[in-house]
Amino acid sequence: MFRKMRRFKQQLPDEEAVRILENEKTGVLAVLGDDGYPYTVPLNYVYSGGKIYFHGAKEGHKLDAIRNCDKASFCVIAQDDVVAERLLTHFRSVIAFGRVRVLETDEEIYQAARLLGLKYNSDSDFIEKEIKREWAGLACIEFTPEHITGKEALELTKERIKTQEK
């Protein structure tokens, strides 16, 4: 169903792709927007229990698109170092394909909001206050990956393999 990576030698091990999802802070969600145009939006997120959670307003382009089509992709760039003298980039990134849904129950929304908040701020009392303050306008989205691949620049692959061999 999903394509194999063309440059498979640059594919990151699955555990490295997951590590990137666990540790990075921002990604780009791509959904099918108005009139069939792709709609992408950068988002803070949290990866937990094999799922990715986002938050936002209860209405808008993103939620309309999700309600119209539950298929989406999500991209996270973990490294993006341009090597100007060689006209190349040392990069590491992850792309996930999956299904998204707007969380419906108060419990689901609360749990996702709490996970998100605690990723960015360890003060649980502060997180509780923020969730209460934003509750009336808060929507949370769950992305369930069906396929995840990570990729890195060939130079980084060679470097990683060399390190593993030591």
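**Salt bridges, core and a charged patch**

At 9% relative accessibility, Glu-142 falls into the buried class, since the cut-off for that label is under 20%. That is a handy place to start with this predicted model. Glu-142 pairs up with Lys-51 in a salt bridge, with 3.8 Å between the closest N and O atoms. The two sit 91 residues apart in the chain, Glu-142 on strand β7 and Lys-51 on strand β4. Lys-51 itself is partly exposed, at 25% relative accessible area. Through shared partners, Lys-51 and Glu-142 also belong to one salt-bridge network with Arg-101 and Glu-108.

The count of salt bridges comes to twelve. Another of them joins Arg-99 to Glu-146, at 3.2 Å from N to O. This pair ties strand β6 to strand β7 across 47 residues. Both ends are partly exposed, Arg-99 at 31% and Glu-146 at 40%. Then there is Glu-155 with Arg-86, where the closest N and O atoms are 3.9 Å apart. Here helix α5 is linked to the loop between β5 and β6, 69 residues away. Glu-155 is partly exposed too, at 26%.

As for the nonpolar side, the largest core holds 25 residues, and Leu-29, Ile-52, Phe-54, Phe-74 and Phe-143 touch the most other members. Elements giving at least two residues each include α1, β1, β4 and β7. The largest share, four residues, comes from β6.

Out on the surface, Asp-34, Asp-35, Glu-59 and Asp-64 form a patch of negative charge. Glu-59 sits in the loop between β4 and α2, and counts as exposed because its relative accessibility is 68%, the cut-off being over 50%.

Technical notes. Residues are numbered from 1 along each chain as its sequence is written. This is a predicted model: local features need pLDDT of at least 70, side-chain atom pairs count only at pLDDT 80 or more; totals for chains, interfaces and linings use all residues. Side-chain values use heavy atoms; hydrogens and water are left out. Patches are made of residues with over 30% relative accessible area and no salt bridge: like charges are joined within 9 Å, nonpolar side chains (Val, Leu, Ile, Met, Phe, Trp, Tyr) within 5 Å. Accessible areas come from the Shrake-Rupley method with a 1.4 Å probe; for residues, only the protein chains shown count as cover. A salt bridge is a side-chain nitrogen of Lys or Arg within 4 Å of a carboxyl oxygen of Asp or Glu. Lys and Arg count as positive and Asp and Glu as negative; His and the chain ends are not counted. The place of a charge is taken as NZ of Lys, CZ of Arg, CG of Asp or CD of Glu. Buried means under 20% relative accessible area, exposed over 50%, partly exposed in between (1.4 Å probe, protein chains only). A nonpolar core is a set of buried Ala, Val, Leu, Ile, Met, Phe, Trp, Tyr and Cys residues joined through side-chain atoms within 4.5 Å.
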